[in-house]
Amino acid sequence: MNEKRVSIEIIRSGRKTIAMEITRDLRVLVRAPFCVPDSDIERFIKDKASWLDKHLELAKKKIKMIEQQEKAIAKLTTEEIQQLADKALKVIPERAAYYAPVVGVKYGKISIRNQKTRWGSCSSKGNLNFNCLLMLTPPDVIDYVVVHELCHLKEPNHSARFWSEVARVLPDYNSSKEWLKINGSGLIQRLR
Ligand SMILES: [Zn+2]
């Protein structure tokens, strides 16, 4: 048995039984009824010693595994981000030039950024910004984000009119929107 002492927090409440619990941050809680004497709680803790040892060990392993999984999400190197940005500078202006007349707008400058929060944005002057990570998404998703920003030059909000404009240009836009919802945050985690 592990002789290392763990501190155990005792929480009394209106409950009827004594129970032990290990929190996500590895604190050990013993929940007990108000009326139960301290000696009963002590005995309970003693009886639970091997359970506690085993489950603390398991909980630590689980935390370690999660940490390793997070590390395994390959972070992009500065060089890779630069390559994505270079590619985006070729691909995105082309898509914007194609869709702008379809939407019926004119835009200003196009910039590529590596942002952790947005896929695209536009300024009141008609300049457009796009995330270089779009180069890691399917072509339909790139088109959706480009069209989304172009439509904002007409409708600077997410009103029903805005969405019907997006739908007019890309009737299938919803599947791209869903794709981003599902996969977007995983991609963004790859930025340092
Ligand atoms: Zn928008």
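What percentage of the 192 residues of the protein chain count as buried? In this predicted model, the share is 18%.

## Overall form

The protein chain holds six helices and six strands. Read from the N terminus, the elements follow the order β-β-β-α-α-α-β-β-β-α-α-α. The radius of gyration of the protein chain is 27 Å, whereas a compact globule of 192 residues would have one near 16 Å. Along the principal axes, the C-alpha atoms occupy a box of roughly 80 × 40 × 25 Å. Among contacts between residues at least 6 apart in sequence, 51% join residues at least 24 apart.

The protein chain is divided into two domains, with domain 1 covering 8–72 and domain 2 covering 78–188. A distance of 49 Å lies between the C-alpha centres of domain 1 and domain 2.

Thr77 belongs to the loop between helix 2 (49–72) and helix 3 (78–103). Thr77 counts as exposed because it has 10 C-beta neighbours inside 10 Å, and the cut-off for exposed is 12 or fewer. Gln189 is 112 residues away from Thr77 along the chain, yet the C-alpha atoms of the two are separated by 12 Å.

Three strands make up an open sheet with mixed pairing, and their order is 1-3-2. Strand 1 (8–13) and strand 2 (19–22) are at the edges; each has a single partner strand, so one side of each lacks a neighbour in the sheet. From one strand to the next, the twist averages 25°.

Strand 2 pairs with strand 3 (residues 28–33) in the antiparallel sense, over four bridges. Within this pairing, Ile22 has Val28 of strand 3 as its bridge partner, and Ala19 stands opposite Arg31 in strand 3. Five residues lie between the strands in the hairpin of strand 2 and strand 3, and Leu26 there takes a positive phi near 65°.

The pairing of strand 2 and strand 3 is antiparallel, and the sheet is also packed by a helix: helix 1 (residues 38–47) touches strand 1 and strand 3, and its direction makes about 140° with that of strand 3.

Strand 5 and strand 6 (residues 128–131) run antiparallel and are joined by three bridges. Cys122 stands opposite Leu128 in strand 6.

| Helix 1 | strand 1 and strand 3 | about 140° with strand 3 |

Two packed helices are described by the angle between their axes and by the distance between the axes. Helix 4 packs against helix 6 (residues 173–188) at an angle of about 100°, and their axes are 9 Å apart. Helix 4 is therefore roughly perpendicular to helix 6, a term that covers angles of 65 to 115 degrees. On the helix 4 side, the residues that meet helix 6 are Asp140, Val141 and Tyr144. Their counterparts in helix 6 are Tyr173, Ser176, Lys177, Trp179 and Leu180.

Val169 is placed in helix 5 (residues 160–169).

Is Val169 buried, exposed or partly exposed? Val169 has 18 other C-beta atoms within 10 Å and is therefore partly exposed, since a buried residue needs 20 or more. Apart from neighbours within four places in sequence, Val169 is in contact with Tyr99, Val102, Val103 and Val147.

Key:
Residues numbered from 1 in each chain as written. Predicted model: local features only at pLDDT ≥ 70, side-chain atom pairs only at ≥ 80, totals over all residues. Helix = DSSP H or I, 4+ residues; strand = E, 2+ residues; numbered from the N terminus. Rg over C-alpha atoms; globule rule 2.2 N^0.38 Å. Contact = placed C-beta atoms within 7 Å. Domains from an automatic or database assignment. Pairing = 2+ DSSP bridges. Axes fitted to C-alpha atoms, helices over the stretch in contact; angles between N-to-C directions. Parallel < 35°, antiparallel > 145°, perpendicular 65-115°, else oblique.
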